[in-house]
Amino acid sequence: MSKYSIGVDFGTLSGRAVLVEIGSGRELASSVFEYPHAVMDRELPDKTRLGVDWALQHPQDYLDVFAHTIPAVMKEAAVKPEDVVGIGIDFTACTILPVKADSTPLCFLDEFKSEPHAYVKLWKHHAAQDKANLLNEVAQKTGQKWLARYGGKISSEWVFPKLMQMLEEAPEVYAAADYIVEAADWVIWFLTGKQNRNSCTAGYKAIWSKRDGYPQESFFKALDQRLEHVVKEKLNCPITPLGSCAGGICDKAAALTGLLPKTAVAVGNVDAHVTMPAVGIDGPNKMLAIMGTSTCHILISREERNVPGMCGCVEDGVYPGFFGYEAGQSCVGDHFQWFIDNCLPAAYWQDAKEQGKNIHVYLREKAQKLAPGESGLLALDWWNGNRSVLVDIDLTGMLLGCTLQTRPEEIYRALIEATAYGTRMIVETFRESGVPVEEFYASGGISQKDPMTMQIYADILNLPIHIAGSTQGPALGSAIFGAVAAGREKGGYDDIFTAAREMGKLRDEIYRPIPENAAVYDKLYAEYRTLHDYFGRGENDVMKRLKAIKKEQSGQA
């Protein structure tokens, strides 16, 4: 009798579940639930206004994902609950929320429904950049050795800058929170009734290491006297390694999802990191890019190296026995959608409608006719700041070379090329730091739906690109970890490497670089790198000055 596992992937705008046959990796059913509250970046549900660079979510949306998608996939596949032996989840990160000791989010309480800091701070909440700047300054002055593991800078997207912003701007929320938890750990808490903190988010997002733990209390005290005991007061929970079983489905979660009580639940994971087994990667020097609204780059190695601007190097952070490296870009799919939503002439929308085409497909067909460099345009991909390698959210986007003859499809292609240049910058920085990148893999919606973009990436990277065999890479990866949590005796696996080899999959097609395109892109990338360093490394801080003026004029200074 076949056994099955379920993976649930919590993305930026929706949650999706996939039901997978253990052994073959065959996906029998999938279901997507759009978050009713989406991303709250302008106001709360009660119309309370938000500041510049805020990005919040509502935790009720996550519970609704479980309630809708898990029963849906079981019904579609006609699978009995007793045959589902494990479940795993993954989440965008760093995505945190303040909760009470019984796991109740503060935003569920009447007294905090109008307080922005009581809600979930999404990964792309960037309003704590000044706190990140302070943290990095103090870490450098006090010689914190752990800083090198994060490329020399901690991002405003990570736990402690967000926590510091809460403490300064809403001390009553900070005081009321018994714990501040990753959303990945909160949903596992709901499923099992027990709190776990997974080693992946703790390592990459909360400055924790397997060998040294969190930074010393003296460091937090140097940031703010009130933070001296922050780990004991707000993060006090054992760290559980990836691949472990967090517990079994509790009665409350069983009633909501239709799963049997005590069904094995894998420790939470991050959407990018969990995708490695979904594409069958089980060794070093193979970079995986998970391409969606943003892009995360994952790589494993037997050696620990300091790579400028990396988001983290965490022992056992992806697979046991390897150092897992993370880098990323804060704006990829969001980059393209911004252009569609704000800059496209009405005539293009009308023409696409008359042809019965999706607007992205329509634009790509036009952009695909352009040769590399034909538009004379060059862009910097910082519309949502720079995650790697500069780690600076105060940087902004730029488009160079426009004339009165510039057409929308030329700008659209230039924005796509900019994200590929950003990925090449990451790849070259790893190589220059002694971490080889010999193969390149891609997962996520863009890799599945956009052949033009993937060919541009192959040409700019000058590397073949292997494409994930599943349209739901993170969800499949979570299902694979769910099978490992169940263990071989119950029909799953005892190790993630065997599970990855048997259940991971790739498409047959490979995007290979076109030599003549790659030669032109080498020239364009050289220009990109010049602009990257000029605007991003302090020679001209005009982007930051403009942002400061914006805040002053909007009353957010």
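Guide: Start with contact: heavy atoms within 4.5 Å of one another. In this protein, residues 24 or more positions apart account for 72% of the contacts with a separation of 6 or more. The model is predicted: local features need pLDDT of at least 70, side-chain atom pairs count only at pLDDT 80 or more, and totals for chains, interfaces and linings use all residues. Residues are numbered from 1 along each chain as its sequence is written, and side-chain values use heavy atoms, with hydrogens and water left out.

Visitor: How many helices and strands does the protein have?

Guide: Both are DSSP runs, numbered from the N terminus: helices are H or I with at least four residues, strands are E with at least two. Here there are 19 helices and 22 strands. The radius of gyration, taken over C-alpha atoms, is judged by the globule rule, 2.2 Å times the number of residues to the power 0.38. The protein has 23 Å, close to the 24 Å the rule gives for 557 residues, so it is as compact as a globular protein of that length.

Visitor: Which strands pair with S14?

Guide: Two strands pair if DSSP finds at least two bridges between them. S14 (residues 286-291) runs parallel to S20 (residues 439-443) over five bridges. There, Lys286 stands opposite Glu439. With S15 (residues 295-301), S14 pairs in the antiparallel sense over four bridges. Ala289 has His297 of S15 as its bridge partner. Three residues form the hairpin link from S14 to S15.

Visitor: How many residues of S14 are buried?

Guide: Buried means under 20% relative accessible area, exposed over 50%, partly exposed in between (1.4 Å probe, protein chains only). In S14, five of six residues are buried. Across the protein, 62% of the 557 residues count as buried.
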